[in-house]
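Work each one before reading its solution.

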Amino acid sequence: MFEKLRQLTGIPTNELPFEWQTEQVNYKKGAMITRQGEVEQFIYWIKEGSVKVSAFVDIKEFILDFWFADDLFTSFASLIEQTPSQTQITALTDVIAERVSYTQLQQVYKQSHQGSEIGRKMAERMYVHKTRKEIELLTLTAEQRYEKLLEQSRRLILEIPVKDVASYLGILPESLSRIRRKVIS
């Protein structure tokens, strides 16, 4: 996580004027990391694996995003506002991650300008990701969005259940199967 913070801020981590404590956590495939309705308490950095962010309406699951190795993730609105999460985060594969608590983030932000800079950069990164995703959803075809997913993490996308990828793309699983055949051939 320290390397990711250095990349975000440009500040060498050995020059940060505060103590940064991360905790390594491991999740088995299918484990719930954040439950819909719970208040998010952590921000995570994925060392290995992938997760999905989804929302449930009645019993229907809508896949909102996927995060892969070297990504930061959290239920961002819940973390910032300390309100119940409208999303659920689930391990798609076995996941090894590091996490930092909301409480520690708040302490770091108060301790130094660099701490606030880290928080701002993390928020900016998540905002840019969300904006790009919204633009892609409105301007790219399902096939083009699928190709972008393949560019991100080809191996993991092929391991994600077709129904999850189809939900993320906003298409039926049968349509995704046709796209996969076309793209892979």
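The exercises below cover a helix pair and some aromatic rings in this predicted model.

**Exercise 1.** Classify the angle between helices α6 and α7.

Solution. Take α6 as residues 162-169 and α7 as residues 173-184. Their axes come within 9 Å and cross at roughly 95°. Angles of 65 to 115 degrees count as roughly perpendicular. The two helices α6 and α7 are therefore roughly perpendicular to each other.

**Exercise 2.** List the residues that make this contact, and sort them by class.

Solution. Start with α6: it contributes Val162, Lys163, Val165, Ala166 and Leu169. Then take α7: it contributes Pro173, Leu176, Ser177 and Arg180. Sorting gives six nonpolar, one polar and two charged residues.

**Exercise 3.** Find the buried residues of α6, then check the residue that follows the helix.

Solution. Asp164, Val165, Ala166, Tyr168 and Leu169 are buried in α6. Next comes Gly170, with a positive phi near 80°.

**Exercise 4.** Classify the ring pairs Phe42–Tyr44 and Phe66–Phe68.

Solution. Planes under 30 degrees apart count as stacked, over 60 as edge-to-face and the rest as tilted. The count comes to five aromatic pairs. For Phe42 and Tyr44, the centres are 6.1 Å apart and the planes are at 55°, so this pair is tilted. For Phe66 and Phe68, the values are 6.5 Å and 35°, so this pair is tilted. Phe66 and Phe68 are both buried.

**Exercise 5.** Which charged residue lies over the face of Phe42, and which cluster holds this ring?

Solution. Arg99 lies over the face of Phe42, at 3.7 Å from the ring centre. Phe42 forms one aromatic cluster with Tyr27, Tyr44 and Phe73.

Notes
Residues are numbered from 1 along each chain as its sequence is written. This is a predicted model: local features need pLDDT of at least 70, side-chain atom pairs count only at pLDDT 80 or more; totals for chains, interfaces and linings use all residues. Side-chain values use heavy atoms; hydrogens and water are left out. Axes are lines fitted to C-alpha atoms, for helices over the stretch in contact, and angles run from 0 to 180 degrees between N-to-C directions. Helices (H or I, at least four residues) and strands (E, at least two) are DSSP runs, numbered from the N terminus. Angles under 35 degrees count as roughly parallel, over 145 as roughly antiparallel, 65 to 115 as roughly perpendicular and the rest as oblique. Contact means heavy atoms within 4.5 Å. Ala, Val, Leu, Ile, Met, Phe, Trp, Tyr, Cys and Pro count as nonpolar, Asp, Glu, Lys and Arg as charged, and the others, Gly among them, as polar. Buried means under 20% relative accessible area, exposed over 50%, partly exposed in between (1.4 Å probe, protein chains only). Rings of Phe, Tyr and Trp (its six-membered ring) pair if their centres lie within 6.5 Å; planes under 30 degrees apart count as stacked, over 60 as edge-to-face and the rest as tilted. A charge sits over a ring if NZ of Lys or CZ of Arg is within 6 Å of the ring centre and within 35 degrees of the ring normal.
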